[in-house]
Amino acid sequence: MKTHKLLTGFIIVVLVGILGFLTAYHYFGYDLLFSNDEEQTEEVSSVEEEAETKEETVEETVTNSNARIICIGDSQTVMNNGYPTKLEDEIDLKISTFGGKELTSRDIAARLNAYPLYIKGISIPEDTSAVSIELYNNNGSTSTLLQSDSSSIPTCTIDGIEGTIKYSNGSYTFTRSSAGEAKTIEGTAHVEFTKQDINEEDIVIFLMGNYDDEDEYFSENLITFYNNIIDEYDIKNYIIIGLTTRNDSDEANEALEKEFKDHFLDFKSYLLSDGLEGIDLSDEDNEAIEDGEVPPCFLSDDINGNSTFNTLLAKQLVEKTQTLEYID
């Protein structure tokens, strides 16, 4: 009788165990019941890596969405309905401009702190009255920069005093922004212009050189000023637009393409080929094309392009930004 009770108890325990196993199997499945710790660790790691990848992707997308386009140049850049205005119709990014009318590449570089200017021996008063100054180049000779479009000169700092430089009636003046301690500068002081807001993810588009003197050093100097600006702001994403109307544009464009490679946009060649499609050409236009010059149908004057010119340039810039993978 006692043996019978023990056997019955044993059978009950076995049945309960089997029932418990079947219940667990039903809810959790074979893999979770029999997987080892190493497999579970690998699965957790895989999930964590996937989460990190998603997080990195989101961060990159946010960074790209913060990118802006900054157009730097002369009249072609700051003119009404210039190519930056047309570019706004082609691309969904904030666009700003920096430069001024009829500025040389050296002048633009100076305003961006990429070409140094100095003052000598001046006394800055304690109040905000203007004081006459002379500007000097790096070699100590007097400078004639900042005369064209003086309204676009950024604020600057001279020996720790912030203010503005203006050019009018053949002379320069410096006016401090706020009253303070008077200061006499007996030696030489560097004019430090306020740096422009250019961030790492921004796309910078350059078009300079239209108003530079034509001489044997033009291409070399232009390349130097481009590189100085790029280095000053540590610019990674940029496009150099080639020249179109200068007599020495072909030679300069060849040098620019050699220096900047894929960052260079040969817009002149486009205008003289695919850009002519659908354009009603006059005899004067055809004559210019035969001479390898940009035809008058694209120009508003001897230097600057018209609305058609700027529209085509904007479209070419969009394609270039996509080719360089600056935008999708």
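Trainee: Which word describes Asp202, buried or exposed, and what is its relative accessibility?

Mentor: Asp202 counts as buried, because its relative accessibility is 1%; buried means under 20% relative accessible area, exposed over 50%, and partly exposed in between, with a 1.4 Å probe and protein chains only. The model is predicted, with local features needing pLDDT of at least 70 and side-chain atom pairs pLDDT 80 or more, whereas totals for chains, interfaces and linings use all residues. Residues are numbered from 1 along each chain as its sequence is written, and side-chain values use heavy atoms, without hydrogens and water.

Asp202 is joined to Arg68 by a salt bridge, and their closest N and O atoms are 2.5 Å apart. Such a bridge is a side-chain nitrogen of Lys or Arg within 4 Å of a carboxyl oxygen of Asp or Glu. Asp202 belongs to the loop between β8 (183–193) and β9 (203–207), and Arg68 to the loop between α2 (37–65) and β1, so the pair ties together parts that are 134 residues apart in sequence. Here helices (H or I, at least four residues) and strands (E, at least two) are DSSP runs numbered from the N terminus. Arg68 also counts as buried, because its relative accessibility is 16%. A network of salt bridges links Arg68 and Asp202 with Asp197.

Ile69 has Ile95 of β2 as its bridge partner. Gly73 is also part of β1, and it counts as buried because its relative accessibility is 0%. The C-alpha atom of Gly73 is 7.2 Å from that of Ile108, although the two residues are 35 apart along the chain.

The whole structure contains nine. In one of them, the side chains of Asp107 and Arg111 meet at 2.7 Å, N to O. Both residues lie in helix α5 (residues 105–111), four residues apart, or about one turn of the helix. Asp107 is buried, because its relative accessible area is 4%, and Arg111 counts as buried at 0% relative accessibility.

Asp159 and Lys183 form another salt bridge, with 3.8 Å between the closest N and O atoms. This pair links distant parts of the chain, 24 residues apart: Asp159 is in the loop between β5 (156–158) and β6 (161–168), and Lys183 is in strand β8. Asp159 counts as partly exposed, at 41% relative accessibility, and Lys183 is partly exposed with a relative accessible area of 29%.

Asp234, in the loop between α6 (218–233) and β10 (237–241), has a positive phi of about 50° although it is not a glycine. Its relative accessible area of 45% makes Asp234 partly exposed. Lys261, in the loop between α7 (249–260) and β11, has a positive phi near 50° and is likewise a residue other than glycine. Lys261 is exposed, with a relative accessible area of 55%.

Note on methods: Pairing = 2+ DSSP bridges.
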